Amino acid sequence: MRWVVDAATPERDSAGGVAGFVGTLADITEKREIEARLEQSRRLEALGHLTGGVAHDFNNLLTTITGNATLVVDQLAPDDARREPLVEIVSASERAQRFTKQLLAFSRKQVLETEPIDLGEVVTGMQLMLARLIGPEIGRAHV
């Protein structure tokens with residue numbers, strides 16, 4: 001498929017009637033494709049700005065959550081039953097902050113440095129939360 005722009009002018013005969021047309025066609029397919037790519041680029045730029053703003057605000061909230069939960073954890077005795085859920089909150093908010101950092105890097109077009117992670121450690125760190133989400137019935141299910 002091609003995009004064209006046309007212009008035509010009637011040619012008149014000696015009696016003043018239309019004998020034909022003289023015109024031009026200009027192929028603007030490439031121009032339309034460039035305009036479409038430019039529009040897509042503008043949308044991605046806007047998405048980057050939006051992502052950056054949301055990530056920044058979200059990071060501020062996470063900093064408050066992490067800080068306050070850490071303060072409470074530090075005040076509790078090691079054997080206090082309330083300590084474990086708060087440690088989970090701190091851990092989850094720290095993971096969310098790392099994710100938010102990635103969103104901020106994306107919005108700023110920064111190159112992220114990758115680093116290896118221990119998946120076993122990640123799963124172990126999420127074990128309590130997963131156990132609560134999944135429930136005991138699934139944990140005991142036999143395949």
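The exercises below work through a predicted model of one protein chain.

Residues are numbered from 1 along each chain as its sequence is written. Local features need pLDDT of at least 70, side-chain atom pairs count only at pLDDT 80 or more, and totals for chains, interfaces and linings use all residues, while side-chain values use heavy atoms, without hydrogens and water.

**Exercise 1.** Describe the order of helices and strands in the protein chain.

*Solution.* Start with the counts, which are 5 helices and 2 strands, where helices (H or I, at least four residues) and strands (E, at least two) are DSSP runs numbered from the N terminus. Then read along the sequence, where the pattern is β-β-α-α-α-α-α.

**Exercise 2.** Place Asp13 in the chain and find its contact with Gly17.

*Solution.* Asp13 belongs to the loop between strand E1 (4–12) and strand E2 (18–27). Next, a polar atom of the Asp13 side chain lies 2.8 Å from the backbone nitrogen of Gly17. Finally, Asp13 counts as partly exposed because its relative accessibility is 36%, given that buried means under 20% relative accessible area, exposed over 50%, and partly exposed in between (1.4 Å probe, protein chains only).

**Exercise 3.** Determine which residues make the nonpolar surface patch, and how Leu50 is classed.

*Solution.* Leu44, Leu47, Leu50, Val54 and Phe106 make a nonpolar surface patch of about 480 Å². Helix H1 (residues 29–75) gives the most to this patch, with 4 residues. Leu50 is found in helix H1, and Leu50 counts as exposed because its relative accessibility is 55%.

Technical notes
Patch = residues over 30% accessible without salt bridge, like charges linked within 9 Å, V, L, I, M, F, W, Y side chains within 5 Å. Areas by Shrake-Rupley, 256 points an atom, 1.4 Å probe, with all protein chains shown as cover. Salt bridge = Lys/Arg side-chain N within 4 Å of Asp/Glu carboxyl O. Polar contact = N/O pair within 3.5 Å; in protein donor to acceptor, adjacent residues only side chain to side chain.
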